[in-house]
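Visitor: I would like to go through this structure term by term. Please tie each label to its cut-off.

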Amino acid sequence: MAARPASAQSSAPGAGGPVRPAAVPGALDGFWKGPLKVPGGSLEVIFRFLKLTSSDYFGTLDVPLQKVSHLEVQVTQSHDTVQFYAPAAGSRFVGVLAAGGQQLVGTWQQPGFKVAMALVHSAVPVAAASTRLTPPYREENVAFGGGAAAPNLAGTFTVPAGPGPFPAVVLVSDAGVQDRNGAVDGYAPLGQLADYLTRRGVAVLRFDNRGMGQGGAPGPGPTVAELVSDAQAGLSFLRTRHEADSSRLGLIGHGEGGNVALLAAAQPLPPAFVVALAAAGLPGRELVLQQQSTTLRQLGTDNAELAAIAKRQQAVFDVIGRTPDNDLARIMVTNLLRQSDSPTDAATAQRRAAEMTTARYRYFLEFDPAANLKFVACPVLLLNGTADGFVGADANLAALEKGLKANKSLMVKKLPGVNHLFQPEPGQWPVVAGQPKPTFSPLAEETIRAWITERGPAKK
């Protein structure tokens with residue numbers, strides 16, 4: 001639970017002239033960067049916003065020195081006043097647009113800490129025009145699915161050079177509506193992984209989520225059951241392709257996609273193998289508390305305040321779990337958020353309460369990723385990075401490994417320095433046009449390829 005935001009009109013320093021209203025399309029698109037003054041120095045804070053066709057913003061927060069990366073950020077804007085709220089960190093920035101819309105001057109606030117801060121805008125860099133080299137494999141835009149369980153889905157099927165048939169995989173993306181490449185801030189983890197595997201003898205299907213790209217019109221976020229049916233539809237598509245070895249069809253899921261892949265493997269017509277990248281092992285409410293604690297520790301919150309925040313968060317979860325009536329639950333959660341030791345403003349509390357009482361969030365809170373793992377008989381590779389601040393490697397891998405203890409072909413591996421997006425440490429990124437460019441961990445790529453290859457062709 002975050003503290004009450006300071007009034008932008010009273011706490012923000014003047015900008016030396018009339019403030020220019022910013023209620024125009026795309027006004028916040030791009031990067032907003034500035035120093036966050038903390039005891040003993042300062043931390044660079046980076047907000048990144050992309051305006052969606054719904055007129056909402058997709059937003060993330062990075063604090064590189066604290067290894068905080070791609071935290072969800074919610075945006076509210078009223079004329080020239082803007083609020084950025086990161087629920088996982090219980091932190092917010094409230095500011096007023098100045099300098100012709102190129103600066104935000106205001107206040108950063110988190111539990112037990114408040115300080116003035118200014119952010120400067122910079123546009124998303126436009127990549128220099130270049131000709132994409134034809135890859136040494138075949139690419140095909142495909143459609144599959146259909147029917148009530150899995151509507152029409154669209155994706156890219158890449159096939160290695162040679163006669164085949166090849167081992168083949170369906171890539172399943174992390175939480176949220178994502179395109180077939182899993183693109184975030186110009187980094188396309190699923191696209192990079194697909195390219196790496198296809199060049200080395202594995203056919204790959206990756207697809208747009210429902211409501212993204214060619215995945216149909218935007219709508220409510222898909223349920224976990226719907227995500228499982230989409231993954232199963234991808235496997236069914238591969239079974240129709242002569243290029244794919246029907247005895248070696250697997251699922252590779254990232255984040256929530258890893259849990260979706262494991263759920264699909266516990267049902268009839270399972271994949272031949274599963275690779276789960278940074279999948280959760282802890283039940284939903286435990287995972288939220290772990291994520292919140294990790295983030296707040298990185299931002300300097302002391303143990304006493306962490307315990308108090310966790311207690312308040314648990315109280316909210318208890319109300320949601322014990323109150324099936326959504327209207328009543330929203331009222332109760334809103335009141336809890338507003339009456340906590342670090343109260344939340346009315347609009348934010350109401351919005352958060354509405355999100356936390358949706359069917360999808362209720363399912364997430366009660367979901368135990370390890371519950372049905374005893375039914376997963378196919379080979380499983382569990383990978384997570386030691387720098388993952390979102391799904392901590394130790395606790396989550398241990399829970400998954402315990403659930404899969406009856407599995408006779410399980411491999412568990414922690415990758416040093418790899419974060420939740422499966423990027424290696426920045427010092428290992430390639431430099432393109434003088435700038436480091438995020439990349440999928442080469443160690444992870446090769447570990448996945450080698451493990452799939454070891455599955456071998458079916459015995460005849």
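Visitor: In which sense do strand E5 and E6 pair, and over how many bridges?

Guide: Strand E5 (residues 81–86) and E6 pair in the antiparallel sense, over 6 bridges. Two strands pair if DSSP finds at least two bridges between them. Gln83 stands opposite Val94 in E6. This is a predicted model: local features need pLDDT of at least 70, side-chain atom pairs count only at pLDDT 80 or more, and totals for chains, interfaces and linings use all residues. Residues are numbered from 1 along each chain as its sequence is written, and side-chain values use heavy atoms, with hydrogens and water left out.

Visitor: Why is strand E6 called largely enclosed?

Guide: Buried means under 20% relative accessible area, exposed over 50%, and partly exposed in between (1.4 Å probe, protein chains only). In E6 (residues 91–98), 8 of the 8 residues are buried, so the strand is largely enclosed by the rest of the structure. Of the 460 residues of the protein, 51% count as buried.

Visitor: Why is the packing of H2 on H11 called oblique?

Guide: The axes of helix H2 (residues 189–199) and helix H11 (residues 442–455) come within 10 Å and cross at roughly 45°. That makes H2 oblique to H11. Under 35 degrees counts as roughly parallel, over 145 as roughly antiparallel, 65 to 115 as roughly perpendicular, and the rest as oblique. Axes are lines fitted to C-alpha atoms, for helices over the stretch in contact, and angles run from 0 to 180 degrees between N-to-C directions.

Visitor: Which residues make that contact?

Guide: H2 gives Gln192, Leu193, Tyr196 and Leu197; H11 gives Glu445, Glu446, Ile448 and Arg449. Contact means heavy atoms within 4.5 Å.

Visitor: What makes E9 and E16 edge strands?

Guide: They belong to an open sheet of 8 strands, in the order E9-E10-E12-E11-E13-E14-E15-E16, with mixed pairing. Strand E9 (137–146) and strand E16 (410–415) each pair on one side only. Neighbouring strands of this sheet are turned by 20° against each other on average, direction ignored. Within the sheet, strand E14 (residues 273–277) and strand E15 (residues 380–385) run parallel, joined by 4 bridges. Ala276 has Leu382 as its bridge partner in E15. Helix H4 (residues 256–265) packs on the sheet, touching strand E11 (166–172), strand E13 (244–254), E14 and E15. The direction of H4 makes about 140° with that of E13.

Visitor: How do you know whether Ala264 is buried or exposed?

Guide: Ala264 lies in helix H4. Its relative accessible area is 1%, so Ala264 is buried. Ala264 touches Val228, Gln232, Leu251, Pro270 and Pro271, not counting residues up to four places away in sequence. The C-alpha atoms of Ala264 and Ser229 are separated by 8.0 Å, and these residues are 35 apart along the chain.

Conventions. Helices (H or I, at least four residues) and strands (E, at least two) are DSSP runs, numbered from the N terminus.
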